[in-house]
Amino acid sequence: MKVLKFGGTSVANPKNIELVKSIVAHSSDNKLAVVVSAFGGITDLLLQAAEKASLQDGSYTDIVREIESRHLGATKELLPINSQSAVLSKVKSELNHLESLLEGAFSIGELTPKLSDKIVSYGELLSSYIISEYFSVEGMDVVFKDSRELIKTNERYGNAVVDFGATDINCSGFFEKNKAKVTVLGGFIASSENGNTTTLGRGGSDYSAAIIASATTADVLEIWTDVSGMFTANPSIVKQAKAIPALSYQEAMELSHFGASVLYPPTIQPVLSKGIPIHIKNTFEPDVQGTLIAKAQDGDKRVVSGISSIENIGLLSLEGPGMVGIPGISSRFFDELSRAGVNVVLITQASSEHSICIGVSEKDIENAVEKINTAFAFEIAQGKIYPVGSETGLAIIALIGDQMKSHQGLSGKMFSTLGKNNVNIRAIAQGASERNISAVIKSEDVKKALNTLHEEFFEENIKQLNLFVMGVGNVGSKFLNQIRQQRKFLKEHLKLNVRVIGISNSRTMAFDGGGISLENWESNLAKGQKADKAKFFETVQKLNYRNSIFIDNTASNEVASTYESYLANSISVVTCNKIACSSEYQNYRKLKNTAREYNAPFLFETNVGAGLPIIDTLKNLIASGDKILKIQAVLSGSLNFVFNNFNDRTTFHDVVKRAQEEGYTEPDPKIDLSGIDVMRKILILARESGNRLEIDDIENKSFLPQESLDTKSNDGFFESLKKYEADFQKLYSDAVETNSKLKYVAQYEDGKASVGLQQIPKGHDFYNLEGSDNIVLFYTERYPNQPLIIKGAGAGADVTASGIFADIIRIGNF
């Protein structure tokens with residue numbers, strides 16, 4: 001014999017019921033028990049009608065009309081006209097009884113648990129009867145059986161306790177005598193010894209099916225629902241979740257307890273002792289494998305089978321010096337909770353015996369606090385125990401798997417993964433079986449935590465990076481284009497799934513939780529909301545995605561001032577904006593310390609040499625124990641371009657203008673030509689070498705006339721260059737006379753730094769530096785005479801974008 005249970009979604013409407021009929025018709029077993037839930041949504045409607053009636057709200061009759069319409073409509077659609085009369089008559093009769101019960105609740109203005117069970121039972125009574133009649137007219141050998149005649153319980157209305165002795169006798173006796181191939185029964189409903197209707201709790205249709213399967217020693221219990229089995233995580237939260245092919249009974253119980261709604265937790269108990277397998281299948285994809293739940297099998301299984309969660313949790317903490325070494329405190333604590341009807345879902349106690357912490361449903365918090373404080377009033381008054389502490393807005397997440405007990409380091413891996421993403425753990429619990437590791441976290445962190453853990457334990461090491469990009473001008477647009485071109489490569493070869501979630505320019509900003517299309521990001525941004533840096537941060541914080549990275553492609557001081565907020569929320573920062581790292585040393589140090597404290601990488605490779613790995617190389621030298629003795633560098637691609645193209649056949653004004661037009665300089669070229677940009681770069685290198693230095697400590701040997709430095713606009717600046725053309729030509733001719741070239745050089749040595757224009761003789765490493773290239777010479781204890789040289793393109797949107805891209809990859813590999 002086989003027992004099949006179909007949930008509310010599976011029997012929500014006539015079209016779905018036809019699918020159910022097809023599944024039942026194609027089953028090869030000799031005998032079938034088909035347990036069905038109420039039509040989808042009907043149970044909720046019945047509860048709403050009962051509530052309104054008890055409040056003497058006459059609109060309950062509107063709900064009754066809707067319930068009547070659903071059932072009469074289904075009957076007419078499923079049955080041919082010549083078979084409808086008797087069935088419609090029976091359905092109307094049952095609906096009349098229902099209406100009488102609701103009228104009674106309306107009259108007395110009260111809804112007792114006993115009356116509520118009677119009212120809500122009509123959902124399953126009507127659905128099972130209509131479906132059995134439909135099966136009959138379709139030619140099936142079928143009989144309808146009222147489950148209340150088989151399943152017996154006590155009179156704890158709303159969540160009755162089954163009398164398995166009486167129920168087993170009733171079920172085995174009925175099915176032994178019953179000759180029909182298919183028996184249709186309503187789930188969820190039962191009756192007491194006195195014949196009063198009872199219910200088995202929400203989700204009780206699964207339980208009904210399991211009770212019948214156990215009583216008849218069925219070959220298998222099939223739970224047909226709207227998903228293809230139990231998943232590695234909630235698929236509505238974790239998009240990459242996948243169906244689990246096989247689970248042990250114990251794993252399934254843990255997952256169902258921790259919020260896996262596919263299976264009602266008590267369902268497993270009746271079939272467990274008899275070893276009856278449970279097969280969870282999808283009504284709408286019947287050929288998909290689903291999940292088979294059976295006795296644990298040794299074999300090649302994942303260490304972690306699934307990740308689950310329970311929302312709306314509160315923590316209660318009982319602590320105090322008077323608890324240490326005193327027997328009976330825990331017993332009194334839990335006895336009081338039991339008397340108050342408070343269900344404890346998590347327990348943790350310090351080995352010092354100084355405190356006990358438990359997790360309960362949020363709705364029970366106030367009641368529990370009052371009862372515990374009353375019970376321990378004497379000890380609280382004496383200061384031996386403190387008033388019970390409570391905290392709400394929490395959730396429990398759990399790793400579950402039979403194989404976890406035989407693998408070391410799972411707890412550490414779980415907690416470090418959460419910690420890297422700023423998920424704070426409030427309490428931890430782990431059973432001696434090591435089948436479950438549970439942690440209490442903030443409710444707002446559940447989505448991030450589940451996705452982070454799922455990525456770590458199930459997604460073949462593919463790491464998702466969520467980018468929030470501020471600044472999509474020249475560099476930013478090149479960066480987005482590079483991401484678009486390389487996304488497939490990154491996923492296939494580096495196991496990185498890079499998504500751009502938010503973008504902003506100075507006018508508008510746009511977000512897409514599923515990832516902004518990089519094919520048409522410009523149009524999405526144009527349709528976005530008004531740009532607001534504070535709201536941009538608030539949105540990033542609210543989305544609370546794992547592996548979030550803020551990218552600053554601006555030159556804005558205002559944007560740079562937000563880095564600390566991002567880092568303090570474990571959001572990594574990648575920037576080509578030099579302002580933060582060249583600001584006061586105290587601010588630079590604070591950002592570095594915040595990044596370390598919150599485990600959020602703060603990378604700024606492009607601050608010095610665009611895409612050149614200058615800072616990364618410097619970090620590796622120091623990390624490996626080397627010491628920087630001297631740094632010499634040409635760090636301005638803009639100035640190198642200018643002086644490589646300036647000669648006695650050109651004017652300095654024209655060369656600078658060309659550099660600006662071709663994007664080699666900042667929009668305000670005075671920033672480059674004044675030397676301030678190079679000062680910032682050598683300052684950053686000096687600081688990254690481990691030295692404390694401020695921008696004012698750097699000597700700037702400017703070649704620009706003071707009048708040029710004092711100009712207030714680009715037009716005024718360019719006019720001043722024309723005025724002093726002879727001075728610039730003199731610089732050039734002096735260099736030619738000594739067979740040298742002009743280069744703008746930065747230097748750091750013995751705690752002192754300087755920048756300025758120098759004549760570079762032939763044979764020097766700087767002499768043949770072409771175009772807008774940069775070069776850095778690191779003289780170290782290991783490279784004292786022949787320096788370590790880094791050379792290449794040091795300016796331009798493409799290479800700067802590629803440097804940002806490289807920092808993103810570094811974080812991905814972090």
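**Reading strands, helices and contacts**

Me: The bridge partner that I280 finds in β11 is T291, and I would like to learn how to read such a pairing in this model, which is a predicted one. In which sense do β10 and β11 pair, and over how many bridges?

Reply: Strands of a sheet pair through backbone hydrogen bonds, and the pairing may be parallel or antiparallel. Here strand β10 (residues 278–282) pairs with β11 in the antiparallel sense, over 3 bridges. On the other hand, β11 and strand β9 (residues 246–248) run parallel and are joined by 3 bridges, with L247 standing opposite I293 of β11.

Me: How many residues of β29 are buried, and which strands pair with it in the antiparallel sense?

Reply: Strand β29 (residues 773–780) is mostly covered, with 7 of its 8 residues buried. Strand β25 (residues 628–634) pairs with β29 in the antiparallel sense over 6 bridges, and I631 stands opposite F778 of β29. Strand β30 (residues 788–793) also runs antiparallel to β29 and is joined to it by 6 bridges, with I790 of β30 as the bridge partner of V776.

Me: What is the order of the strands in the open sheet of 6 strands, and which strands stand at its edges?

Reply: The order is β13-β14-β12-β15-β17-β16, and the pairing is antiparallel. The edges are held by β13 (344–349) and β16 (427–430), each of which has a single partner strand, so one side of each is left without a neighbour in the sheet. From one strand to the next, the twist averages 30 degrees. Within this order, strand β12 (residues 306–319) pairs with strand β14 (residues 355–361) over 7 bridges, and G314 stands opposite V360 of β14.

Me: Which helices lie across β12?

Reply: Helix α12 (residues 365–375) lies across β12, β14 and β15 (389–400), and it runs at about 30 degrees to β12. Helix α15 (residues 446–458) lies across β12, β15 and β17 (436–442), running at about 125 degrees to β12.

Me: Turning to a helix, which residues of α7 are buried, and why do they line one face?

Reply: An α-helix has 3.6 residues a turn, so residues three or four places apart point the same way. In α7 the buried residues are T167, C171, F174 and F175. Seen down the axis of α7, they fall within an arc of 90 degrees, so they line one face of the helix. On the other side of α7, I169, E176 and K177 are exposed. The buried residues are covered by elements that include β2 (32–36), β5 (182–186) and α8 (204–215).

Me: Where does G756 sit, and is it buried or exposed?

Reply: G756 belongs to strand β28 (residues 752–761). Its relative accessible area is 3%, and since buried means under 20%, G756 counts as buried. Leaving aside neighbours within four places in sequence, G756 is in contact with K701, K743, Y744 and V745. Of these, K743 is 13 residues from G756 in sequence, while the two C-alpha atoms are 8.3 Å apart in space.

Terms used: Residues numbered from 1 in each chain as written. Predicted model: local features only at pLDDT ≥ 70, side-chain atom pairs only at ≥ 80, totals over all residues. Heavy atoms only, no water. Buried < 20%, exposed > 50% of the residue type's maximum accessible area, 1.4 Å probe, protein only. Helix = DSSP H or I, 4+ residues; strand = E, 2+ residues; numbered from the N terminus. Pairing = 2+ DSSP bridges. Arc of directions from axis to C-beta. Contact = heavy atoms within 4.5 Å. Axes fitted to C-alpha atoms, helices over the stretch in contact; angles between N-to-C directions.
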